[in-house]
Amino acid sequence: MNVLLLGPQGAGKGTQAKRIAAEYGLPHIATGDILRRAMADGTPLGRKVKPIYDSGGLVPDDLMIELIRARLSEPDTEHGFILDGFPRTFVQAEALDTMLREIDKQLDLVLELQVPDEVAAERLTKRATLEGRPDDTPEAIRRRLELYHEETEPLVEYYRSRGNVVGIHGDRSENEVFAEIQQALEQAGAVA
Ligand code: ADP
């Protein structure tokens, strides 16, 4: 099964994606994690994206598209994947469609994790104290949430028109959210 997670920063995408990945034995492809690793390793990609990342901006589409193309061609994605953090723009969504068509795959399910902005901002502020991510400053948090609404949220409609979006209430306990996700996966026939 190929699953895409959408939702604002702080909705719990990463947490839930890890649980889905562990439960169903699928790779969790998180573009933020890939970029953080590249920055920590000081690769050319990492050095290039660091100022953009730190300010809470979006990394250019062409870089992200190539990164995902390479990742989806790795053999561990053969039986499925959980995509988290990509696509974030229309250009990326269209590129993903083309890419998947080329390898004869499709998204089985799009899960939209929904939380109010206040909850999202509060969770991010808490995480900032715990993890000290450079893009968890108040300005970068504001920028990231703004970009989510402007660039990424419209993708929900893009996928909804194909009928495979399920909304999940993210403003509850981790276990309750995961139970709802499992139900959605089963109903979609994505898992047994
Ligand atoms: P969050 O969802 O909390 O912002 P992520 O870890 O998903 O955290 O992403 C962190 C940052 O990585 C983003 O703010 C952006 O700079 C960059 N990034 C990740 N994925 C993408 C993408 N698909 N397109 C552009 N930039 C991205």
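Predicted model: local features only at pLDDT ≥ 70, side-chain atom pairs only at ≥ 80, totals over all residues.

I started with D104, which is found in the loop between α5 (90-102) and β4 (109-114); helices (H or I, at least four residues) and strands (E, at least two) are DSSP runs, numbered from the N terminus. Phi of D104 is near 60°, a positive value in a residue that isn't glycine. I flagged it because most residues other than glycine have a negative phi, and most peptide bonds are trans. P87 sits in the loop between β3 (81-84) and α5.

Residues are numbered from 1 along each chain as its sequence is written, and side-chain values use heavy atoms, with hydrogens and water left out.

Next, the ligand. Which residues come nearest to it? I get T31, R36, G57, G85 and R144, out of 18 residues around the ligand (near means a heavy atom within 4 Å). By class, that shell splits into 6 nonpolar, 6 polar and 6 charged residues. The classes are: Ala, Val, Leu, Ile, Met, Phe, Trp, Tyr, Cys and Pro nonpolar; Asp, Glu, Lys and Arg charged; the others, Gly among them, polar. Helix α2 (residues 31-41) gives the most to the shell, with 4 residues.

I then looked up polar contacts (pairs of N or O atoms within 3.5 Å).
- The side chain of R144 has an N or O atom 2.6 Å from a ligand oxygen.
- G85 uses its backbone: an N or O atom there lies 2.8 Å from a ligand nitrogen.
- R88 puts a polar side-chain atom 3.0 Å from a nitrogen atom of the ligand.

On its own the ligand has 540 Å² of accessible area, and the protein covers 96% of that (Shrake-Rupley, 1.4 Å probe).

Where does the ligand sit? The space it takes is the largest pocket, by the rule that more than half of its atoms lie within 2 Å of the grid points. My grid is 1 Å over the protein atoms alone: a cavity is a set of points where a 1.4 Å probe fits but cannot get out, a pocket is an open set with protein on both sides within 12 Å along at least five of seven lines, and lining residues have an atom within 4 Å of a point.

The largest pocket holds about 1100 Å³, a volume being the space filled by probe spheres set on the points, which are joined across faces, edges and corners. Its lining counts 47 residues, with Q9, G10, G14, R127 and R133 nearest the centre. Helix α6 (117-131) supplies the largest share of that lining, 8 residues. By class I have 15 nonpolar, 16 polar and 16 charged.

Last, I searched for cavities of 30 Å³ or more and found 1 in the whole structure. About 80 Å³ of space lies in the largest cavity. Its lining includes G85, F86, P87 and R88. Strand β1 (2-6) gives the most to this lining, with 3 residues. By class, the cavity lining has 6 nonpolar, 4 polar and 2 charged residues.

Methods
Polar contact = N/O pair within 3.5 Å; in protein donor to acceptor, adjacent residues only side chain to side chain.
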